[in-house]
Amino acid sequence: MSGGLLAVHAHPDDESLATGALLATWAAAGRPVTVVTATRGERGEVIGQRWAHLEGDGPALAEHRTGELAQALAALGVQDHGYLDEAVGQDERYEDSGMAWVAAGRAGAAGDAPPGAFAFASLEEAAEGLARVLRSRRPDVVVTYEPGGGYGHPDHVRAHEVMVRALELAARGDDPLSPAHVVPVALWAVTGRAALRRAQTALAGEAVLAALGPAIEGLTLPDPAAEPPSVAVPDDQVDLVVDVAPVRARVLAALRAHATQVQAVRAVDGDDGLVGCYALSNDVLAAVPTVEGYRYAPGSLRAHEAGVVWPAGVRPVA
């Protein structure tokens, strides 16, 4: 998989929300892209009356979201996808662990997580399965959440932990079927705080109002006083940015594909803080910023050390 990128996510829709521009940019450059998803999103909060019958029906929602994910990946140009439990080779699926809001914009563990919850899955088993995928695909670059999982969702945090351990296992090269070790560049998806503030401020502007029209009714702006999510880091901790504008149509199409989870997806023009907007089930407007941010995981090889040449649209931050 020379030149390849591998992304690990917790649920269907995370690939588009957290890393959509990177995936689309990589695919548009003709480079291989693999997405590994841990769960099928059985406990997602469903938006709108059209899908209300899926609320609380884990198996039905999982089946539906599997279809949404396939459409989103096609929009992004991703052709290689698999579920983590399939890589592990177990009979039982990893299930969406659910979550509980513990503060504004911050999630924690749900009190009624199912027995098969991914958040409580064996770290070693899950990491061994992912390490097999790494050895098989041999990506140049891997990406997942930062340690806080973006906003604290326990499945996001577990996905981060699994990736960290899988990279350790893959680097050993002790698999008899593929002895050569795999040491890719490792990235975490982050957002610079200044860029986040600029994008959130732009949500209150005329460009967003014009893009949404009547759909803005029932939606609220993010609380400017709320503690920023863990994905928001000091600006000097952002190592790379991906320009969203060249792949905006792909990213917005992918977000629209996740119709049970994402609403009010619009392109926004005429503002330098964002290129689009959307809302989740909490009815709070969110921005599609002009850039996606990433930082190198501690101890990771840098691109020049690994011989990785970034595709057009991926820029190191000076």
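1. Start with aspartate 243. Leaving out neighbours within four places in sequence, aspartate 243 is in contact (heavy atoms within 4.5 Å) with Thr25, Thr290, Val291, Gly313 and Arg315. A polar contact of 2.8 Å ties its side chain to that of arginine 315; the term stands for a pair of N or O atoms within 3.5 Å, where, within protein, one must be able to donate a hydrogen and the other to accept it, and residues adjacent in sequence count only if both atoms are side-chain atoms.

2. A word on what you're looking at. This is a predicted model, in which local features need pLDDT of at least 70 and side-chain atom pairs count only at pLDDT 80 or more, while totals for chains, interfaces and linings use all residues. Residues are numbered from 1 along each chain as its sequence is written, and side-chain values use heavy atoms, with hydrogens and water left out.

3. Back to aspartate 243, which sits in strand E9 (residues 240–243). Strands here are DSSP runs of at least two residues (E) and helices runs of at least four (H or I), numbered from the N terminus. Aspartate 243 counts as partly exposed because its relative accessibility is 24%; buried is under 20% relative accessible area, exposed over 50%, and partly exposed in between (1.4 Å probe, protein chains only).

4. Now the inside. The largest nonpolar core has 42 residues, and Leu187 and Trp310 have the most contacts inside it. Such a core is a set of buried Ala, Val, Leu, Ile, Met, Phe, Trp, Tyr and Cys residues joined through side-chain atoms within 4.5 Å. Helix H1 (residues 14–28) gives the most to this core, namely six residues.

5. Which residues does tryptophan 310 touch, not counting those up to four places away in sequence? Among them are Trp26, Arg31, Leu187 and Leu240.

6. On aromatic pairs: rings of Phe, Tyr and Trp (its six-membered ring) pair if their centres lie within 6.5 Å, with planes under 30 degrees apart counted as stacked, over 60 as edge-to-face and the rest as tilted. The count comes to two. Tryptophan 26 and tryptophan 310 have ring centres 6.1 Å apart and planes at 80°, so they are edge-to-face. Both of these tryptophans are buried. For tyrosine 94 and phenylalanine 118, the centres are 5.3 Å apart and the planes at 55°, so that pair is tilted.

7. One more for tryptophan 26: arginine 31 lies over its face, at 5.3 Å from the ring centre. A charge sits over a ring if NZ of Lys or CZ of Arg is within 6 Å of the ring centre and within 35 degrees of the ring normal.
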